[in-house]
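Thanks for coming, everyone. Please have a look at the model on the screen, and then I'll walk you through it.

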Amino acid sequence: QVQLVESGGGLVQPGGSLRLSCAASESIFNFHHMGWYRQAPGKERELVATITSSSTTNYADSVKGRFTVSRDNAKNTVYLQMNSLKPEDTAVYYCNAVRNTWPRDLEVWGQGTLVTVSS
């Protein structure tokens with residue numbers, strides 16, 4: 001089974017930037033959707049951004065225009081570039097991969113990386 005490893009989280013000041021990486025243990029062509037979710041304390045996990053195998057992207061309204069999801073197929077890695085960070089972006093960010101497979105889709109989660117936006 002594929003493994004996903006997130007990295008790049010940390011402490012950043014409001015208005016700053018971070019780039020998160022999600023490294024997969026196999027070719028990301030095997031996954032129809034990859035994306036990022038986040039969960040803040042006391043809140044439900046929410047979708048941040050997704051990217052398909054054909055590089056179609058979707059973003060939550062709260063991050064649109066500030067975050068960019070991309071993929072490097074040669075490196076088996078998906079990125080989340082986060083600019084103009086706000087305190088409300090503070091959360092554990094999780095990488096997700098979905099493969100449309102018979103008889104059921106396969107879904108894998110990474111362990112998460114903490115992003116803290118604070119002065």
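**The disulfide**

Let's start with C22 and C95, which form a disulfide with their sulfur atoms 1.9 Å apart. The rule here is a pair of cysteine sulfur atoms within 2.5 Å. By that rule, the count is one disulfide. C22 sits in strand β3 and C95 in strand β9, so the pair ties together parts that are 73 residues apart in sequence. The torsion about the S-S bond of C22 and C95 is about -80°, so this disulfide is left-handed. Buried or exposed, C22 and C95? Both C22 and C95 are buried. Buried means under 20% relative accessible area, exposed means over 50%, and partly exposed is in between, with a 1.4 Å probe and protein chains only.

A word on the source: this is a predicted model, where local features need pLDDT of at least 70, side-chain atom pairs count only at pLDDT 80 or more, and totals for chains, interfaces and linings use all residues. Residues are numbered from 1 along each chain as its sequence is written, and side-chain values use heavy atoms, leaving out hydrogens and water.

**The sheet**

Next, an open sheet. It has four strands in the order β1-β3-β8-β7, with antiparallel pairing. Strands are DSSP runs of E, at least two residues, numbered from the N terminus. Two strands pair if DSSP finds at least two bridges between them. From one strand to the next, the twist averages 15°. Strand β3 (residues 18-24) and strand β8 (residues 77-82) pair over six bridges, in the antiparallel sense. In that region, A23 stands opposite T77 in β8.

**A buried arginine**

Now R66. Find it in the loop between β6 (57-59) and β7 (67-72). R66 counts as buried because its relative accessibility is 11%. Its side chain reaches the backbone oxygen of S84 at 3.0 Å. What does R66 touch, leaving out residues up to four places away in sequence? The answer is Q81, M82, N83, S84, L85, K86 and D89. Contact here means heavy atoms within 4.5 Å.

That's the tour. Over to you for questions.

Definitions and conventions: Polar contact = N/O pair within 3.5 Å; in protein donor to acceptor, adjacent residues only side chain to side chain. Axes fitted to C-alpha atoms, helices over the stretch in contact; angles between N-to-C directions.
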